[in-house]
Amino acid sequence: VANVGTFEIDSAHPGSAIFRPLSTFVGQGPSVTYTVTDSLGNSSSNTYTPKVIAPPIVTPDTTTGAWNTAQSIDVVANNAGTSDTVDSGTSWKPSSITISCGTAPSCTTTTGAGNAVTSVTMTGQGTYTVDVVTEIVTFTPVATFAGTARPVTYVVTDMIGNTATTT
């Protein structure tokens, strides 16, 4: 189907159909009609309408605060006025946020249970921590730091496993 994708019969699983969307397609695809016939020649038709759920979209988050004071932000719930979105066919997966150094120089991580990163330290600036239950990221500056800190990279996941990454 032009600008949408292809439908095919799954040769590995006879009787199953596969919809392979183009990488640029999201939304409801066109319906296709299929017919099944049993060994006695009886047949029945129905339609299959696929829906491709878009991956989540997140934008960089920032906070501003007083010198030598921790700053916190709920990176998932702060969507008002931003373009952070999750498709209407899914929702944010609770407790799915992960943080990392990304491409930041002079950065180290600390891991906790299950080797999940629990904190990211930017040398000479401070430490980011994540509370995976509340999805709040907190930056605690070192006493001598003033200015704009190097950002931490975070990933969030929707309920079907699509991820989005930002700072």
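The model is predicted, so local features need pLDDT of at least 70 and side-chain atom pairs count only at pLDDT 80 or more, while totals for chains, interfaces and linings use all residues. Residues are numbered from 1 along each chain as its sequence is written, and side-chain values use heavy atoms, with hydrogens and water left out.

**The sheet.** Select β8, β13 and β14, which form an open sheet in the order β8-β13-β14 with antiparallel pairing. Strands are DSSP runs (E, at least two residues), numbered from the N terminus, and two strands pair if DSSP finds at least two bridges between them. Because β8 (98-100) and β14 (163-166) each have a single partner strand, they stand at the edges, and one side of each lacks a neighbour in the sheet. Next, display β13 (residues 153-157), which three bridges join to β8. Within this pair, I99 stands opposite Y154 in β13.

**The disulfide.** Select C101 and C107, which are joined by a disulfide with an S to S distance of 1.9 Å; a disulfide is a pair of cysteine sulfur atoms within 2.5 Å. The structure holds one disulfide. Its S-S torsion is about -80°, so the disulfide is left-handed. Both C101 and C107 are buried (under 20% relative accessible area, with a 1.4 Å probe and protein chains only).

**The threonine.** Finally, select T35 in strand β4 (residues 32-37). Leaving aside neighbours within four places in sequence, T35 is in contact with S43, S44 and S45, where contact means heavy atoms within 4.5 Å. T35 and N68 are 33 residues apart in sequence and 69 Å apart in space, C-alpha to C-alpha.

How values were computed:
Helix = DSSP H or I, 4+ residues; strand = E, 2+ residues; numbered from the N terminus. Buried < 20%, exposed > 50% of the residue type's maximum accessible area, 1.4 Å probe, protein only.
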